[in-house]
Amino acid sequence: MGSRPRASRGRSRSQWKNAGTLRWRPGRSTSAEEMTMMCRQAVRSLLVFFALFFGVTAGVSAVTCTSRQDGNWNTAATWNCGGWFMNGPPAAGDVVVVRGNDDLTLNTSTPSLASLTINAGGSITGDNNSRTLNLAGNLVNNGDITLTAGTSGIVMQ
């Protein structure tokens, strides 16, 4: 008695095995079913990419911004706010850390920061205009803060 062929439900074993990895090849005709599957794969890949990208960037509301060099407060290159693609300046609700030996010039009033830590050797100096450091949380000052204009100050909210 010969063996009876197994029911394949319209596809060979290799087609079932490779059903999720279809690739278009030049010179080969592609069925509508294969095109549909390739489009679905492309859409899934894009959805995963956007979910990961925007989940990391847009979904983060408050981050820790650490100074990376001397410079003006409102210069993006002065800050590292969570990664190579997330430069400052710090936004409202951010935790701010001034590293030791970094000298920052407060050339704009800040949004309401979650907290501010100035490490030993670090400093914030006003630019001789009326500027305000707005803090909703703690101020830890192990360095120097010099605000020189008449109405500059630190507002603790």
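**Reading strands, contacts and burial**

Q: Strand 7 (residues 123–126) and strand 10 pair in the parallel sense over 3 bridges. What must DSSP find before two strands pair?
A: Two strands pair if DSSP finds at least two bridges between them, and a strand is itself a DSSP run of E with at least two residues, numbered from the N terminus. In this pairing, threonine 125 has threonine 146 of strand 10 as its bridge partner. Keep in mind that this is a predicted model, in which local features need pLDDT of at least 70 and side-chain atom pairs count only at pLDDT 80 or more, while totals for chains, interfaces and linings use all residues. Residues are numbered from 1 along each chain as its sequence is written, and side-chain values use heavy atoms, with hydrogens and water left out.

Q: In what order do the strands of the open sheet lie?
A: The open sheet has 4 strands in the order 2-5-7-10, paired in parallel. Its edges are strand 2 (71–72) and strand 10 (144–146), each of which pairs on one side only.

Q: Which strands pair in parallel with strand 6?
A: Strand 4 and strand 6 pair in the parallel sense over 4 bridges, with serine 115 in strand 6 as the bridge partner of valine 95. Strand 6 also runs parallel to strand 9, joined to it by 3 bridges, and here threonine 117 stands opposite valine 140.

Q: Are the side chains of strand 6 buried or exposed?
A: Burial is read from relative accessible area, where buried means under 20%, exposed means over 50%, and partly exposed lies in between (1.4 Å probe, protein chains only). Ser115 and Thr117 point one way from strand 6, whereas Leu116 and Ile118 point the other way, and all are buried.

Q: How many residues make up the largest nonpolar core?
A: In soluble globular proteins, nonpolar side chains tend to be buried together. A nonpolar core is a set of buried Ala, Val, Leu, Ile, Met, Phe, Trp, Tyr and Cys residues joined through side-chain atoms within 4.5 Å. The largest one here has 16 residues, and among those with the most contacts inside it are Trp73, Trp79, Val96 and Leu116. Strand 4 (95–98), strand 5 (103–106), strand 6 (115–118) and strand 8 (132–135) each supply at least two residues of this core.

Q: Why is the aromatic pair edge-to-face?
A: A pair of aromatic rings is described by the distance of the centres and the angle of the planes. Rings of Phe, Tyr and Trp (its six-membered ring) pair if their centres lie within 6.5 Å, and planes under 30 degrees apart count as stacked, over 60 as edge-to-face and the rest as tilted. The structure holds 1 aromatic pair: the ring centres of tryptophan 73 and tryptophan 79 are 4.9 Å apart and the planes stand at 70°, so the pair is edge-to-face. Both tryptophan 73 and tryptophan 79 are buried.

Q: How many salt bridges does the structure hold?
A: A salt bridge is a side-chain nitrogen of Lys or Arg within 4 Å of a carboxyl oxygen of Asp or Glu, and the structure holds 2 of them. One joins the side chains of arginine 99 and aspartate 102 (2.9 Å, N to O); arginine 99 is partly exposed at a relative accessible area of 35%, whereas aspartate 102 is buried at 4%. Aspartate 127 and arginine 131 also meet through their side chains (2.9 Å, N to O), and arginine 131 counts as buried at 17% relative accessibility.
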